[in-house]
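Here is a short report on one protein chain. Look at the structure first, then read on.

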Amino acid sequence: NQVRAILGTPATSKKGTNDFGSYTQLTFPGKLTVVFQGNTVLSSVSTTDDGQRTKEGIHVGSSERRAMQKIRGLRCTTEGSFRSCVLGRFQAGEHVTIFFVKPRTGLINRITVATVID
């Protein structure tokens with residue numbers, strides 16, 4: 001209810017099940033997606049909107065190089081054909097910010113803030 005009060009009515013809504021149980025995914029106009037793992041607790045917020053910025057000014061369309069220069073503690077890795085940079089630790093209950101990077105261009109194409117489940 002709080003998310004809807006701030007963001008309004010979602011453009012799409014999807015319910016499903018994953019390795020962690022049931023979830024609800026809401027996508028709002030403006031390229032913003034939120035996921036409620038367990039259907040009640042907000043577990044992640046993702047954006048592909050270049051108008052959303054971190055406090056350091058990093059946004060979709062920023063380069064990985066700029067993100068590394070501006071965000072202290074950022075770690076970048078490639079797994080298979082996917083490249084990402086992570087701030088935070090993948091430990092249960094921790095919060096992480098993930099910057100997804102297009103390998104060919106080196107530009108960020110999605111940013112997700114999430115709570116690590118396990």
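## Fold and salt bridges

Residues 24 or more positions apart make up 25% of the protein chain's contacts with a separation of 6 or more. Contact here means heavy atoms within 4.5 Å. This is a predicted model, where local features need pLDDT of at least 70, side-chain atom pairs count only at pLDDT 80 or more, and totals for chains, interfaces and linings use all residues. Residues are numbered from 1 along each chain as its sequence is written, and side-chain values use heavy atoms, leaving out hydrogens and water.

The protein chain has two helices and eight strands. These are DSSP runs numbered from the N terminus: helices (H or I) of at least four residues, strands (E) of at least two. Along the sequence the pattern reads α-β-β-β-β-α-β-β-β-β. The C-alpha trace spans about 35 × 30 × 25 Å along its principal axes.

Of the 118 residues, 33% count as buried. Buried means under 20% relative accessible area, exposed over 50%, and partly exposed in between (1.4 Å probe, protein chains only).

The whole structure holds two salt bridges. In each, a side-chain nitrogen of Lys or Arg lies within 4 Å of a carboxyl oxygen of Asp or Glu.

| Salt bridge | Closest N to O |
|---|---|
| Arg89 and Glu94 | 3.0 Å |

Arg83 is partly exposed at 22%. Glu64 is buried at 15%. Arg89 is partly exposed at 45%, and Glu94 is partly exposed at 29%.
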